Amino acid sequence: MTNFSKSAAMMQRGIDFLGCETAILCGAMSWVSERNLVSAISNAGGFGVIACGAMTPDLLDTEIAETKARTDKPFGVNLITMHPQLFDLIAICAKHKITHVVLAGGIPPKGSVEAIKEFGGKVIVFAPTLALAKKLLRSGGDALVIEGMEAGGHIGPVATSVLAQEFLPVLAEEHIVFVAGGIGRGEAIASYLEMGACGVQLGTRFACATESIAHPDFKKAFFRAKARDADASVQVDPRLPVIPVRALKNKGTEEFTAKQIEVAGKLDREEVDMLEAQLQIEQFWAGALRRAVIDGDVENGSLMAGQSVGMVKAEEPAAGIIAQLMQECEAALSKR
Ligand SMILES: Cc1cc2nc3c(=O)[nH]c(=O)nc-3n(C[C@H](O)[C@H](O)[C@H](O)COP(=O)(O)O)c2cc1C
């Protein structure tokens, strides 16, 4: 058994909070973070998180039960705050006594944090600014994830390295803070631990784990890609808002730019009104992540990936990825 004593000591608060062996979370990835990957991560000593995404309460109920059938280790559930049935999903988490609920995608609506605490769940929140982070931690958030723009999926405008410098010196002593975005190797984990983080969250590095059900063509696209291929979506017209998403460039991303230009033209010619135009932009990617992850449509689907994709070279078991990250982290800390 390899000795990870230095890393474990620096992760101790995160380990105690999560109840697992290493404070490495596999961030929820819609369609990817389901029973197989989540249980594999938790069985390997990390912390798996189910991506509820747009699931109905019934589907979440089944997914939790199936995950529990595959692991007796702790895992979390990630809920998107704007889900129309958020409170029903929280009730499902209560039914299963889920220990950790991650609230993603915006400010938690009134009563949601309280509803999770009522059944004894711990609440993990995201915050793009320091002021909001303080507010969420004051009003019941038990831990914070800071996620930089290097990450895969929906992103904010600021890099992980900058967020870490802004948030950690102020918050890390008193609060549980995990750092996410662009982490591909253990040396980076070591440096964030030294800055005060008590753990990290990775997505891209785990998306192609052996246990991930992502389509073989989705995984191949990851193995081929370099950091620069994981690009943030661009907004073409100020009237047509686009929430930036980092994904591998493909035919779909090119067509999205063309679509924005086409819709902006229709708006200028008054062929569509603003609402219809914004809806057309918003709906362009509907179902696109599923098409890529499940159907393997790597041309038209959304290949959400972070810049660390260049460090994903082959399929590896989740346990192997975690062990390698921990070895690199431990070696880096031992050299100090
Ligand atoms: C394919 C993919 C899907 C994702 N889906 C979600 C999601 O549904 N909810 C969420 O909160 N974050 C989502 N994320 C973000 C991850 O949970 C994680 O925070 C991020 O991947 C960390 O950065 P990294 O990709 O640089 O490791 C997704 C990321 C990827 C790569």
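A: Apart from neighbours within four places in sequence, Val263 is in contact with Leu240, Ala277, Gln280 and Ile281, where contact requires that the C-beta atoms of two residues, placed from the backbone, lie within 7 Å. The model is a predicted one, in which local features need pLDDT of at least 70 and side-chain atom pairs count only at pLDDT 80 or more, whereas totals for chains, interfaces and linings use all residues. Residues are numbered from 1 along each chain as its sequence is written.

Val263 belongs to helix 11 (residues 251–268); helices (H or I, at least four residues) and strands (E, at least two) are DSSP runs numbered from the N terminus. Val263 counts as buried because 23 C-beta neighbours lie inside 10 Å. The term buried requires 20 or more other C-beta atoms within 10 Å of the residue's own, exposed 12 or fewer, and partly exposed a count in between, with C-beta atoms placed from the backbone. From Val263 to Val38 the separation is 225 residues in sequence and 40 Å in space, C-alpha to C-alpha.

The loop between helix 11 and helix 12 (274–282) holds Glu270. With 7 other C-beta atoms within 10 Å, Glu270 is exposed. Glu270 is not a glycine, yet its phi is positive, at about 55°. Most residues other than glycine have a negative phi. Another such residue is Lys97, whose phi is positive and near 50°. Lys97 is placed in the loop between helix 4 (86–95) and strand 4 (100–104), and it counts as exposed because it has 10 C-beta neighbours inside 10 Å.

Arg290 lies in helix 13 (residues 288–293). Its 16 C-beta neighbours inside 10 Å make Arg290 partly exposed. Between Arg290 and Lys249 there are 41 residues in sequence and 16 Å in space, C-alpha to C-alpha.

Domain 1 covers 2–213 + 311–335 and domain 2 covers 225–307, with bounds that come from an automatic or database domain assignment. The centres of domain 1 and domain 2, taken over C-alpha atoms, are 27 Å apart. Domain 1 and domain 2 each give 14 residues to their contact. On the side of domain 1 that touches domain 2, five residues are nonpolar, eight polar and one charged; Ala, Val, Leu, Ile, Met, Phe, Trp, Tyr, Cys and Pro count as nonpolar, Asp, Glu, Lys and Arg as charged, and the others, Gly among them, as polar.

Two helix pairs can be followed next. Helix 2 (residues 35–43) packs with helix 3 (residues 57–70) at an angle of about 40°, and the axes are 9 Å apart; axes are lines fitted to C-alpha atoms, for helices over the stretch in contact, and angles run from 0 to 180 degrees between N-to-C directions. Helix 2 and helix 3 are therefore oblique to each other, given that angles under 35 degrees count as roughly parallel, over 145 as roughly antiparallel, 65 to 115 as roughly perpendicular and the rest as oblique. Helix 2 and helix 3 cross in a right-handed sense, that is, the near helix is turned clockwise from the far one by less than a right angle, anticlockwise being left-handed. Arg35, Val38 and Ser39 of helix 2 make this contact with Glu63, Glu66, Thr67 and Arg70 of helix 3. By class, the contact of helix 2 with helix 3 holds one nonpolar, two polar and four charged residues.

Helix 3 also packs with helix 4, at an angle of about 25° and with axes 9 Å apart, so helix 3 and helix 4 are roughly parallel to each other. The crossing of helix 3 and helix 4 is right-handed. Here Pro57, Leu60, Asp61 and Ile64 in helix 3 meet Asp88, Leu89 and Ile92 in helix 4. Five residues of the contact of helix 3 with helix 4 are nonpolar, none polar and two charged.

Within helix 3, Leu60 is buried because it has 25 C-beta neighbours inside 10 Å. Beyond four places in sequence, Leu60 is in contact with Cys52, Met55, Leu89 and Ile92. Leu60 and Leu89 are 29 residues apart in sequence and 7.3 Å apart in space, C-alpha to C-alpha.

Val179, in strand 8 (residues 176–180), counts as buried because 31 C-beta neighbours lie inside 10 Å. Beyond four places in sequence, its contacts are Ile146, Thr160, Ala164, Tyr192, Ala197 and Val200.
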